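Let's take a look at the aromatic rings in this protein and at what surrounds them. Here is the structure to keep at hand.

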Amino acid sequence: MHLDLRKLDLNLLLVFHALFIHRSVTAAAQALSLSPSALSHALARLRDAIGDELFVRLDNQMQPTLRAEQIAETVSQALAQLSAGLSLNQRFDPASSMRHFVISASDYTAFAILPRLINHLQHVAPHITLRMVNTGQKLAIAELAAGHIDFALGYDEERTPLPAGMEELDWLQDDYVAIASKQHSRIRRKLTLAAYLKARHVVVTPWNESRGVIDYVLDGMALQRQVAVQLPNVLVAPFIIAGGDLVMTLPRLAAVTLAQAADIAIYPAPFAIPPYTLKIYSHSKYARSAAHLWLRQQMMELATATPP
């Protein structure tokens, strides 16, 4: 055992991890069920023990120092392994648990799927808390491996092999549809392939990718669509579509949700597109606890109850 470890109150590592995740004394204190004052005192003790400021306030956030960045992954992995090991055989009671889960998802996924999940969890597990994050990566491998997030929701069109320890589970499958304004000047009862190719398109590119699955399918048909607008998120899309003659292709579940917000029509895609498969990603080191297994089961049950 390292000599310095004997001098360190290991509870202070929980404080470090909470601050590194939340970047806020108030939010970290809430996550640990402490007062902000108690957490500040704990941080002062941790600084003395480590011999570094660890976090400095910049732009209303507690930003980690270089030393904090260096030890963050080690602390996160150690806490996650300890928690998973101690809770393997523990009973998880969703009705009383105050477990905090962190889930990564793009706004595209969150918009279509998560409202139903969160509404369900409010009824069956009213005291658990969820934090949704967008890691800026298509698949948050590093965050899952470090234990910073519990699950990542997403898809991998390229079928890239996963690193060791990473697990994927098909969550739900959906077909692609096209949406357009109900007053579109060239589309009436049916969206033909000719009309689709003649139209200009809106695409959502959350990771700044230049092309997506629709473009690759059209490549195979020796066809090409005209992209007029690229958006980093989906929330503004229905209002752009409803106000003009642009077209957008997206999974049906997202289209149905968007149709509640704007005056848009939904059409079957005028050519064959492989189904959209949304996956649940986790890491084997952390996803064996009763709490993880329970939440994963809730998500899988939600998928079977989701209308096509």
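Tyr276 is buried, with a relative accessible area of 7%; buried here means under 20%, with a 1.4 Å probe and protein chains only. Tyr176 is buried too, at 12%.

A search of the whole structure turns up five aromatic pairs. Rings of Phe, Tyr and Trp (its six-membered ring) pair if their centres lie within 6.5 Å, and planes under 30 degrees apart count as stacked, over 60 as edge-to-face and the rest as tilted. The ring centres of Tyr176 and Tyr276 are 6.0 Å apart and their planes stand at 90 degrees, so this pair is edge-to-face. Tyr176 belongs to strand β7 (residues 176-181) and Tyr276 to strand β12 (residues 276-283), so the pair ties together parts 100 residues apart in sequence. Strands are DSSP runs (E, at least two residues) and helices are too (H or I, at least four), numbered from the N terminus.

## Another edge-to-face pair

Tyr196 and Phe271 also pair edge-to-face, 5.2 Å centre to centre with 75 degrees between the planes. Tyr196 sits in helix α8 (residues 193-198) and Phe271 in the loop between β11 (264-268) and β12, so parts 75 residues apart in sequence are tied together. Both Tyr196 and Phe271 are buried.

## A cluster and some charges

Ring pairs join Phe16, Phe20 and Phe55 into a cluster. Over the ring of Phe20 sits the charged end of Arg23, 4.7 Å from its centre. That label needs NZ of Lys or CZ of Arg within 6 Å of the ring centre and within 35 degrees of the ring normal. Arg99 likewise lies over the face of Phe101, at 4.4 Å from the ring centre.

## About the model

This is a predicted model: local features need pLDDT of at least 70, side-chain atom pairs count only at pLDDT 80 or more, and totals for chains, interfaces and linings use all residues. Residues are numbered from 1 along each chain as its sequence is written, and side-chain values use heavy atoms, leaving out hydrogens and water.

Technical notes:
Buried < 20%, exposed > 50% of the residue type's maximum accessible area, 1.4 Å probe, protein only.
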